[in-house]
Amino acid sequence: MAKKKRCETCGTKDGTVQTMPDPFTAALYPDEEQEEVTLCELCSIARFEES
């Protein structure tokens, strides 16, 4: 069984946790390469809305 990833923000370990380009910097600087972050769905939405 694959080990579930942990959200960097809230620490949850569920099926919505994914590694993705940082939603905050991707919204502000779409043409630049983004740092990879591991976030759950709710934290990724919140991070995007902060931008």
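**Figure 1. Ser44 is a buried residue of helix 2.** Ser44 has a relative accessibility of 13% and therefore counts as buried, where buried means under 20% relative accessible area, exposed means over 50% and partly exposed lies in between (1.4 Å probe, protein chains only). The residue is placed in helix 2; helices (H or I, at least four residues) and strands (E, at least two) are DSSP runs numbered from the N terminus. When residues up to four places away in sequence are not counted, Ser44 touches Met20, Pro23 and Leu39, a contact being defined as heavy atoms within 4.5 Å. The model is predicted, with local features requiring pLDDT of at least 70 and side-chain atom pairs counting only at pLDDT 80 or more, whereas totals for chains, interfaces and linings use all residues. Residues are numbered from 1 along each chain as its sequence is written, and side-chain values use heavy atoms, with hydrogens and water left out.

Figure 2. Met20 belongs to strand 1 and is buried, its relative accessible area being 17%. Apart from neighbours within four places in sequence, Met20 is in contact with Glu35, Glu36, Val37, Leu39 and Ser44. The C-alpha atoms of Met20 and Thr38 are separated by 6.3 Å, although the two residues are 18 residues apart along the chain.

**Figure 3. Asp22 in the loop between strand 1 and helix 1.** The loop between strand 1 and helix 1 holds Asp22, which is buried at 5% relative accessibility. A polar atom of the Asp22 side chain lies 3.0 Å from the backbone nitrogen of Phe24. This pair falls under the term polar contact, a pair of N or O atoms within 3.5 Å; within protein, one atom must be able to donate a hydrogen and the other to accept it, and residues adjacent in sequence count only if both atoms are side-chain atoms. With its neighbours within four places in sequence left aside, Asp22 contacts Gln34, Glu35, Val37 and Arg47.

Figure 4. Side chains of opposite charge can pair when their charged atoms come close. A salt bridge is a side-chain nitrogen of Lys or Arg within 4 Å of a carboxyl oxygen of Asp or Glu, and by this rule there are 2 salt bridges. In one, the side chains of Arg47 and Asp22 meet at 2.8 Å, N to O. Arg47 lies in helix 2 (residues 41–50) and Asp22 in the loop between strand 1 (18–21) and helix 1 (23–28), so this pair ties together parts that are 25 residues apart in sequence. Arg47 is partly exposed, with a relative accessible area of 26%. A salt bridge also links the side chains of Glu50 and Arg47, at 3.6 Å, N to O. Glu50 and Arg47 are 3 residues apart in helix 2, so about one helical turn separates them. Glu50 is exposed, with a relative accessible area of 54%. Through salt bridges that share partners, Asp22, Arg47 and Glu50 are joined into one network.

Figure 5. A disulfide is a covalent bond between the sulfur atoms of two cysteines. Under the cut-off applied here, a pair of cysteine sulfur atoms within 2.5 Å, a search of the whole structure finds 0 disulfides. Cys7 is in no disulfide, and the nearest cysteine sulfur, that of Cys43, is 3.7 Å away. The relative accessible area of Cys7 is 3%, and the residue is buried. Cys43 is likewise in no disulfide; its nearest cysteine sulfur is that of Cys40, at 3.6 Å. Cys43 is buried at 14% relative accessibility. Cys10 lies in the segment before strand 1 and is partly exposed, with a relative accessible area of 49%. Leaving out neighbours within four places in sequence, Cys10 contacts Cys40 and Cys43. From Cys10 to Leu39, 29 residues apart in sequence, the C-alpha to C-alpha distance is 8.3 Å.

**Figure 6. The chain as the setting for the close-up views.** The chain contains 2 helices and 2 strands, which follow the pattern β-α-β-α along the sequence. Its C-alpha atoms fill a box of roughly 35 × 20 × 10 Å along the principal axes. Of the 51 residues in the chain, 24% are buried. Among contacts with a separation of 6 or more, residues 24 or more positions apart account for 36%.
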